[in-house]
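Visitor: Before we begin, could you please bring up the sequence and the structure together, so that I can follow your answers on the screen?

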Amino acid sequence: IIYGAGDVGQAFISQLTLTKWCNAILWVDKNYEKLKQSGMVVASPELMQRIPFDLVIIAIKKEDISRSIRE
């Protein structure tokens, strides 16, 4: 799962798409509704509680926000 659809999250998705290093099964962001309107395929973070996953990459530039998400 990639958490964050800003510049860092978009860079992660781009690299995963190019390298095919792994499959991102879900891309989430708290502003998912706004981002979906702009054409991005982003879901609500609440979906993380309903699907199995191996790893979450918190793709957020600001450390304090990243720490808050992790907690």
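What follows is a short exchange about the fold, a few residues and the pockets.

Guide: This is a predicted model, in which local features need pLDDT of at least 70 and side-chain atom pairs count only at pLDDT 80 or more, while totals for chains, interfaces and linings use all residues. Residues are numbered from 1 along each chain as its sequence is written, and side-chain values use heavy atoms, with hydrogens and water left out.

Visitor: In what order do the elements of the chain run from the N terminus on?

Guide: Helices (H or I, at least four residues) and strands (E, at least two) are taken as DSSP runs and numbered from the N terminus. On that basis the chain has three helices and three strands. Read from the N terminus on, their order is β-α-β-α-β-α.

Visitor: Is I2 buried or exposed?

Guide: I2 is found in strand β1, residues 2-3. Buried means under 20% relative accessible area, exposed over 50%, and partly exposed in between, with a 1.4 Å probe and protein chains only. Because its relative accessibility is 2%, I2 counts as buried.

Visitor: Which residues is S44 in contact with, leaving aside its neighbours within four places in sequence?

Guide: S44 is found in the loop between α2 and β3 (57-58), and with a relative accessible area of 13% S44 is buried. Contact means heavy atoms within 4.5 Å. Leaving aside the neighbours within four places in sequence, the partners of S44 are V28, D29 and Y32.

Visitor: And which residues does I58 touch, not counting those up to four places away in sequence?

Guide: I58 has its place in strand β3 and is partly exposed, with a relative accessible area of 27%. I58 and D29 are 29 residues apart in sequence, and their C-alpha atoms are 10.0 Å apart in space. Not counting residues up to four places away, I58 touches Y3, S66, I69 and R70.

Visitor: Which residues lie nearest the centre of the largest pocket?

Guide: On a 1 Å grid over the protein atoms alone, a pocket is an open set of points where a 1.4 Å probe fits, with protein on both sides within 12 Å along at least five of seven lines, and lining residues have an atom within 4 Å of a point. The largest pocket holds about 330 Å³ of space, a volume being the space filled by probe spheres set on points joined across faces, edges and corners. Of the 17 residues that line the largest pocket, those nearest its centre are G6, D29, N31, I60 and I65.

Visitor: What is the volume of the second largest pocket?

Guide: Twelve residues line the second largest pocket, and I1, C22, N23, D54 and L55 lie nearest its centre. The volume of the second largest pocket is about 200 Å³.
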